[in-house]
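Look at the model first, try each task, and then follow the solution step by step.

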Amino acid sequence: MLTAAMTDAMTDTTTAEVAAATDAALARSAAAGDAGAFESIYRRHAGRVHGVIVRLVGAHGVRAEDLTQEAFVRAWQALPKFRFESAVSTWLHRLAVTTALMELRSRRGGPRFDEDEDALDGLGVADSAGNGTALSMDLERAVATLPPRARAVLVLHDVEGWKHEEIASELGMAVGSSKAQLHRARQLLRGRLGGEA
Amino acid sequence: MNANNDGAQEHDAQADEQLRWQLRGLRRDLEPQADLWPGIAARIAQAPQQAAASGNARTRRFAPWAMAASVLLAVGVVWQLMPAAPQQAPVGNPMVRQQAVSMALDYERAFARLEQADTHPELHGAFGELDRSAAQILSAIDNDPNATFLLEQLRRTYARRLQLTQRAVMT
């Protein structure tokens, strides 16, 4: 029993390591200009990259797909400078986050990315007062409707598992602001879910 | 009053914890609805890659010979010390994968150290071909962890890649 469990754990570990080693070999080839190797990298990682982009921009569809495409084009351009000090998958994930956040900052219309604190306040009051239309929202949709900066902090911390220091650095804010945004985003989210979460 | 505050804080903390668990469940892969590769392929055909960061002058002047020798020694020693893969591994034996990973990591480290120095662009095609072969063999091992013969194939591919890298560094 114990031996079987150990073997399973070892197999899981080595499967991940084989995947990482395969990624590294493909990335090395793509860095030298091999588009075929880069297509393999795309096929292996499109789901993960697209997933985090959808969560950060709060939307499926063409916009998220454009950003996914943009992230892979940036990866292609930056690959020759990749030093293989982290896993390829980790590097791609980070690049996807940066691509999505840059787009959120540059968006026009609606609350600006750097100024959505007021919008967060307003929405929080409305929800805590009880907004009947929000009660039936599922979690994913509720997250998607958060203001951009609050959503970014919540997704990076609670979904992707980043630390406040990393989030603050990526978003260009103080660590305290990241914590405050997270606290308020959770409050807002609970309000939108009708206190179910 | 204080008791009420403590109770509210505890309730908030519990609600936060529950919410975090639910949010963690959102972390999943989402395939794009359309195949984005044709668009990416068209764009990267037009997009130049950034030049690789070159090593500093001191590294280039003194390090290549010493690095090449030490890397060759290190990889050689590691593979002499490693037990040979069994000819007939039992079903589900993870040893083949483990050895493949160890080999890949050893060579990756060797490449990283050697490539701190400049390499010759005319060899990039050959590097690409060997790296692609290594990736294909690793994928095959991932799919069939009992294919011990692939370990030898992987070793030959990496040895050739290392040999070429050393040649590029030394000339």
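**Exercise 1.** Find out whether α3(A) passes α2(B) in a left-handed or a right-handed crossing.

*Solution.* Step 1: a crossing is left-handed if the near helix is turned anticlockwise from the far one by less than a right angle, and right-handed if clockwise. Step 2: here α3(A) passes α2(B) in a right-handed crossing. Step 3: the contact involves Gln69(A), Phe72(A), Val73(A) and Trp76(A) on α3(A), and Gly39(B), Ile40(B), Arg43(B) and Ile44(B) on α2(B); two residues are in contact if their C-beta atoms, placed from the backbone, lie within 7 Å. Step 4: sorted by class, this contact has five nonpolar, two polar and one charged residues. Nonpolar means Ala, Val, Leu, Ile, Met, Phe, Trp, Tyr, Cys and Pro, charged means Asp, Glu, Lys and Arg, and the others, Gly among them, are polar.

A note before going on: this is a predicted model, in which local features need pLDDT of at least 70 and side-chain atom pairs count only at pLDDT 80 or more, while totals for chains, interfaces and linings use all residues. Residues are numbered from 1 along each chain as its sequence is written, and chains are lettered from A and ligands numbered from 1 in the order in which they are written.

**Exercise 2.** Describe the side of chain B that touches chain A.

*Solution.* Step 1: 50 residues of chain B are in contact with 52 residues of chain A. Step 2: the largest share of chain B's side, eleven residues, comes from α5(B). Step 3: by class, that side of chain B divides into 27 nonpolar, ten polar and 13 charged residues.

**Exercise 3.** Is Phe84(A) buried, exposed or partly exposed?

*Solution.* Step 1: find Phe84(A) in the loop between α3 and α4 (88-106) of chain A. Step 2: a residue is buried if 20 or more other C-beta atoms, placed from the backbone, lie within 10 Å of its own, exposed if 12 or fewer, and partly exposed in between. Step 3: Phe84(A) has 17 other C-beta atoms within 10 Å, so Phe84(A) is partly exposed. Step 4: look at the backbone too, where Phe84(A) has a positive phi of about 60° although it is not a glycine.

Conventions: Helices (H or I, at least four residues) and strands (E, at least two) are DSSP runs, numbered from the N terminus.
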